[in-house]
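Me: Could we go through how this chain is put together? I'd like to start with the overall layout and then move to the contacts.

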Amino acid sequence: MSSPTQRLLDPDQVRRYVAASLGPDVTVTGCAPLTGGGFAAVWSATLDDGRGVVLKVGPPPEVPLLRYERGMVAAEARYLRLVAARAPEVPVPPLLHHGSDPVLGDWLLTGLLAGRTLHQLTVDGAPVDAVRAGLGAALAALHRVDGDRYGYDGGRAAGATWREAFTAMVDDLLADATDWAVPLPVPAGRMRELVHRHAAALDAVRRPALLHFDGWAGNVLAVAGPDGMPRLNGLVDGERHLYGDPLLDLVSPLIFRRAEDEPDDAFLRGYQAAGGPVPLDEAGVRRRLGLYRLHLYLLMTVEMPSRGITADNDPGRVARLAELLDRELAALAEP
């Protein structure tokens, strides 16, 4: 099932986007859709000079989006340029072109990174500790890049402090939940009150670090190293990047889990070895991680109608997110 936000493309349209990006003399010799994402339409293509490229096309302008999703394709172009300039050790695809057109919409053309996703390797039972450690090191490198604001760019939720930006991000998601009539485990006002009750913990963040935010296993690519073991070769889909607390980036790689319960996870060990401190025994750190898990599970809940996801076509997701939200809300409600 495709998401309503994903344009329906065909090979002729892919050729049109490639020509608009690289010029009419470049020929596409083969192309196919890539699966795994739920926002943009993504295709791989092979060019007549042997290069592999990836085309990512944003939603049509008439499709309703969540507030933070506005302008995300352009946001990813800014992210790729920034990482290439200031954190070149992070393996992101090279940006070949960012285009915007009244008919074609917003799109990116990037180089194609080789590899299988960490999600695929995990399902297959492959050894993945080195890949997870590499992901930790890559995120630590990103976090050394400073921003000029907290939160998102492009006129989306932001603030002069991390507390201001994060509470604005949650408020926007709750407003989206109202717009889309998304059922929540507790009234939006109660959820907002719990976030604001613990917002003082966010004041410990004094530097807006660059965050990938979406480092789940499907956005992590690996190839075999010299010893035949999988190694990190790509961190993709930076369209949701923002600036703020590095702890926020410890949630998606450990999705449905709790970092404070698994301090010896290879991802966390890789992060710490690369200079990313994680004082998981501090109460304020644990409170922030709880707030960030609440934010992620709220986002995943609120986005379901815009992606065409319902309790009928994906009951497991609905039930699991409700359970996870309940758990984090209960923890925040404790004295």
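**Domains and their interface**

Reply: The chain is divided into domain 1 (11–111) and domain 2 (116–333), with bounds taken from an automatic or database domain assignment. This is a predicted model, where local features need pLDDT of at least 70 and side-chain atom pairs count only at pLDDT 80 or more, while totals for chains, interfaces and linings use all residues. Residues are numbered from 1 along each chain as its sequence is written, and side-chain values use heavy atoms, with hydrogens and water left out.

Me: How many Å separate the centres of domain 1 and domain 2?

Reply: The centres, taken over C-alpha atoms, are 24 Å apart. The contact (heavy atoms within 4.5 Å) takes 24 residues from domain 1 and 34 residues from domain 2.

Me: And what area is buried between domain 1 and domain 2?

Reply: About 2,500 Å² is buried, with carbon and sulfur atoms giving 59% of that; buried area here is the accessible area (1.4 Å probe) that two parts lose on being put together, summed over both. On the domain 1 side, Arg-67, Tyr-68 and Tyr-79 supply 30% of the area buried against domain 2, more than any other three residues.

Me: Switching to charges, how many salt bridges does the rule find across the interface?

Reply: The rule finds seven salt bridges between domain 1 and domain 2, each being a side-chain nitrogen of Lys or Arg within 4 Å of a carboxyl oxygen of Asp or Glu.

Me: What does Arg-67 meet in a salt bridge?

Reply: The side chain of Arg-67 meets that of Asp-176, at 2.5 Å from N to O.
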